[in-house]
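Have the viewer ready and follow along.

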Amino acid sequence: MIRAHKIRLHPTEEQKGYFVKAAGVARFTWNWALAEWNRQYQAGENPKALKLKKQFNQIRRQEYPWTWEVTKNASDQPFLDLAKAWAAYFDGLKQGNKTGRPTFKSKKQSKLSFYLANDQFELGDHRIWIPKLGWVNMAETLRFVGKVTGARITKTADWWFVSIQVELPDAIPAKKPAACGIDVGLNRLATLSTGEGYENQAFLKTALKKLRQANKRLHRRTRGSKNREKARRQVARLHYRITCLRDDVLHKLTSKLANGYGIIGIEDLNLKGLLTNRTLARSFSDAALGKLFQLLTSKVESEGGRIVKVGRFFPSSKTCYGCGWKWEEMQLSDRLFLCQNATCAYHHIAQDRDQNASLNILSEALRLIGLIDQAVGGTGSDAT
């Protein structure tokens, strides 16, 4: 199991210059490799990453001597990254997915980053050693104990980070017989079948006024001026703050669920389709449901649990959990579910729409795996 720990760096101005140069070498190498790959492919040849790397190294010292001023990984890794990008593209074509082709990286728009192999850096107490640079201070020490496989240094807004990948032994999963269903949405980010609800904080919506003002200042500045660069950095800081607040909520929620339940039922939503709704697209992006599912899946599996996806056409919101009666005319504005089946125990009893849906998701998930008797009614912390 591979885990990544992202740590903020505290480089000096000289070290920041090294990072920018290394990221520039990585970007230049990627663009050179992509251009050569396209040329060979159009000529009917079969380009390979290692072949292109060998070809680049033969002309590197004479034509691009400045690439030797930074770690060799800055010019080595882009070839492997390009090979993975092309493999993902062709695999997507075979599966019918619209995976984008690898594109050239812009100096102004692409994210500054470069890779370090595990033999190209050393970790100390709150610091990391990088070839041809020396020790760089880190905000904290590495959280995981295991085999370090690599690291990637990136820049977000005004700050530099190092993401260190660590290979951990497979943990012995703790016994968690409890199961729960989760209904996600915009009014409430997640509603559990146990009755717990987690509100959608909508951090982008809250900061939208400041973000609009910052974008106005940015577009009123003259292109290429220092004031425009200051305004751009302010916009980047606002976006980064929104991302951090949202990630904090998602990580805490998914960690609690992964530690509390062994089986979790979720909906297999068409997230790309939801984002095509012009009215709700920004709200769905703000909720980050895709990242919620991604974090939940990885954490539950790492804890030895199981994620069960219920079909996206399963009518979880329109079906009464007690008797199975369907409310075909139900609208998005109907927040309470009223069962019209006279023989149902919930007949004309107002039920929370989202909790009813989460109970249906749990029941269907357990039915799919043949464990209908594993549902619980308590919270993840008190279920046994």
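What follows looks at an aspartate and its contacts, then at a cavity.

Keep in mind that this is a predicted model, where local features need pLDDT of at least 70, side-chain atom pairs count only at pLDDT 80 or more, and totals for chains, interfaces and linings use all residues. Residues are numbered from 1 along each chain as its sequence is written, and side-chain values use heavy atoms, with hydrogens and water left out.

Start at Asp158, in the loop that links strand S6 (147-156) to strand S7 (159-167); strands here are DSSP runs of E with at least two residues, helices are H or I runs with at least four, and both are numbered from the N terminus. Leaving aside residues up to four places away in sequence, Asp158 touches Arg233 and Arg237 (heavy atoms within 4.5 Å). Its side chain makes a polar contact with the Arg233 side chain at 3.0 Å, and another with the Arg237 side chain at 2.6 Å. Such a contact is a pair of N or O atoms within 3.5 Å; within protein, one must be able to donate a hydrogen and the other to accept it, and residues adjacent in sequence count only if both atoms are side-chain atoms.

Now for the lining of the largest cavity. Helix H6 (226-260) and helix H8 (281-287) each supply at least two residues, and H6 gives the most, with three.
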